[in-house]
Amino acid sequence: MSFAANMSSEALLHIAMYPWFAIGHLNSFMDTANKLAERGDIISFFLPAKTQTKLEPLNLYKDLITFIPITVPQVDGLPSGTEITADIPRSLLPLLTTAFDLTEPTIESSLRDIKPHFVFYDFAHWLPSLARRLCIKAICLSVVGPPAVGYLISPERKLIEKPITEVDLRAPPQSFPPSSIKLSAHESREALTLVTVKKDGQGGISFVERLMISYIDCDALVFKACREMEGIYCDYLEAQFRNPVILSGPMVPRPPTSALEKKWATWMDGFEAKTVIFCALGSECILKKDQFQELILGLELSGLPFFAALKPPMGVETIESALPEGFEERVMGRGLVHGEWVQQQLILQHPSVGCFVTHCGSNSSAEGLVSECQLVLLPHAVEQHIIAREMAGDLKLGVEVEKGEEDGLFTREGVCRAVRAVMDDDSKVGQEVRANHTKWRELLLSPGLENSYLDSFVQRLYSLLQ
């Protein structure tokens with residue numbers, strides 16, 4: 001019997017949660033809330049009022065998880081009704097950050113009323129000091145993985161004390177664990193904008209300062225990870241931030257309860273097992289038109305059937321108007337490019353699908369890892385680059401598409417080479433990544449692994465109360 005199951009009902013935990021106003025953060029916290037509620041713990045979940053309807057279907061334990069709606073304060077220049085990052089262009093994020101910080105008095109009043117044991121947060125850097133006044137433990141639940149946190153904002157980089165350069169970011173911090181993780185010139189320029197972003201929010205605090213305070217002032221850091229895959233990075237973070245690092249276990253997607261849409265299932269049923277390439281780059285990745293075309297031409301060049309679920313490229317309203325001349329005629333019957341949301345997890349489980357071209361977002365990476373599809377990695381954001389290096393370099397369970405060092409551009413030939421490397425039976429690289437992928441998939445899906453980590457997670461939380 002698990003540790004949590006042995007606890008009396010009076011001893012169960014009451015945990016408040018207040019994630020950043022972005023749907024990915026809200027969903028990640030919701031996943032943790034469900035896992036804790038499954039064990040009987042009580043969750044009070046703060047979130048923007050109108051966003052509650054988006055999360056209601058994800059609440060699997062409505063008797064234990066209570067949503068507490070927060071009215072987002074009005075800020076000059078922030079469009080009326082704005083609640084989450086998806087509501088506004090990136091240029092207005094500092095205003096949403098200010099609104100987020102202005103909720104502090106509301107959160108303090110609610111915490112005084114509900115008196116939880118813990119409050120889980122990510123970007124609310126002011127919560128640890130508030131929680132201490134109320135004798136509540138503050139837990140920083142990171143939605144970013146241990147390798148990315150260690151590489152980008154480790155205290156030994158001294159980001160607050162001195163300017164950091166693009167050259168600095170090409171290499172990991174000096175005492176970072178030995179790994180394949182490093183950034184190209186193009187990627188380090190992108191990372192530089194992240195770690196030197198201008199001051200925003202209440203008190204004129206920068207994004208980096210917000211993160212550093214969040215990671216340093218908490219009572220413990222929590223990551224959705226497992227020691228078998230990322231233990232060396234967790235030990236590094238514990239030493240650098242001088243805070244306990246607690247692992248809640250790997251992200252193992254819950255089995256879907258719906259069926260694959262009939263038109264997609266019928267189309268895929270027409271191909272042999274493990275021959276279809278499925279390509280999806282997430283809801284936020286919008287390619288430039290030339291890169292969009294290089295990607296789908298690379299899939300065509302592979303000679304394999306493919307299904308690409310992609311957003312229309314920049315400056316183009318429809319997928320159809322972005323397709324290369326003659327493309328539809330050439331791939332008719334073996335290639336589809338679709339511009340709307342699809343059931344990714346169910347597609348990856350279809351017997352005909354054998355390759356997944358992914359942007360390496362955390363959720364997509366998890367779904368790819370537990371599937372039987374071979375992985376081709378095409379990252380597009382800073383954390384995704386680091387995840388791709390870990391998966392292709394450290395764990396050797398996928399192949400990354402080559403990109404230009406300076407411009408970050410890929411070619412159709414590069415896409416085709418990566419696909420062929422994982423799909424050709426006689427490819428030595430393919431044999432290695434297939435074997436490694438099988439090993440890690442079996443570990444992640446092994447009976448008891450997730451519960452074992454959750455048991456340990458709960459035990460560590462109880463130890464913080466003693």
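Guide: Let us begin with handedness: a crossing is left-handed if the near helix is turned anticlockwise from the far one by less than a right angle, and right-handed if clockwise. Here helix 7 passes helix 11 in a left-handed crossing, where helices (H or I, at least four residues) and strands (E, at least two) are DSSP runs numbered from the N terminus. This is a predicted model, in which local features need pLDDT of at least 70, side-chain atom pairs count only at pLDDT 80 or more, and totals for chains, interfaces and linings use all residues. Residues are numbered from 1 along each chain as its sequence is written, and side-chain values use heavy atoms, with hydrogens and water left out.

Visitor: At what angle do the axes of helix 7 and helix 11 cross?

Guide: Axes are lines fitted to C-alpha atoms, for helices over the stretch in contact, and angles run from 0 to 180 degrees between N-to-C directions. The axes of helix 7 and helix 11 cross at roughly 45 degrees and come within 8 Å. That makes helix 7 oblique to helix 11, since angles under 35 degrees count as roughly parallel, over 145 as roughly antiparallel, 65 to 115 as roughly perpendicular and the rest as oblique.

Visitor: Which residues of helix 7 and helix 11 meet?

Guide: Contact means heavy atoms within 4.5 Å. On the helix 7 side, Pro-146, Pro-147, Val-149, Gly-150 and Ile-153 take part, and they meet Glu-230, Tyr-233, Cys-234, Tyr-236, Leu-237 and Phe-241 in helix 11. The residues of this contact divide into 9 nonpolar, 1 polar and 1 charged; Ala, Val, Leu, Ile, Met, Phe, Trp, Tyr, Cys and Pro count as nonpolar, Asp, Glu, Lys and Arg as charged, and the others, Gly among them, as polar.

Visitor: How does helix 7 cross helix 17, left-handed or right-handed?

Guide: That crossing is right-handed, and the axes of helix 7 (residues 146–153) and helix 17 (residues 382–394) come within 9 Å at roughly 115 degrees. Pro-147, Ala-148, Tyr-151 and Leu-152 in helix 7 meet Val-382, Glu-383, Ile-386 and Glu-390 in helix 17, a contact with 6 nonpolar, no polar and 2 charged residues.

Visitor: What does Gln-240 touch?

Guide: Gln-240, placed in helix 11 (residues 227–241), touches Ser-154, Pro-155, Glu-156 and Ser-175, not counting residues up to four places away in sequence. A polar atom of the Gln-240 side chain lies 3.1 Å from the backbone nitrogen of Glu-156.

Methods. Polar contact = N/O pair within 3.5 Å; in protein donor to acceptor, adjacent residues only side chain to side chain.
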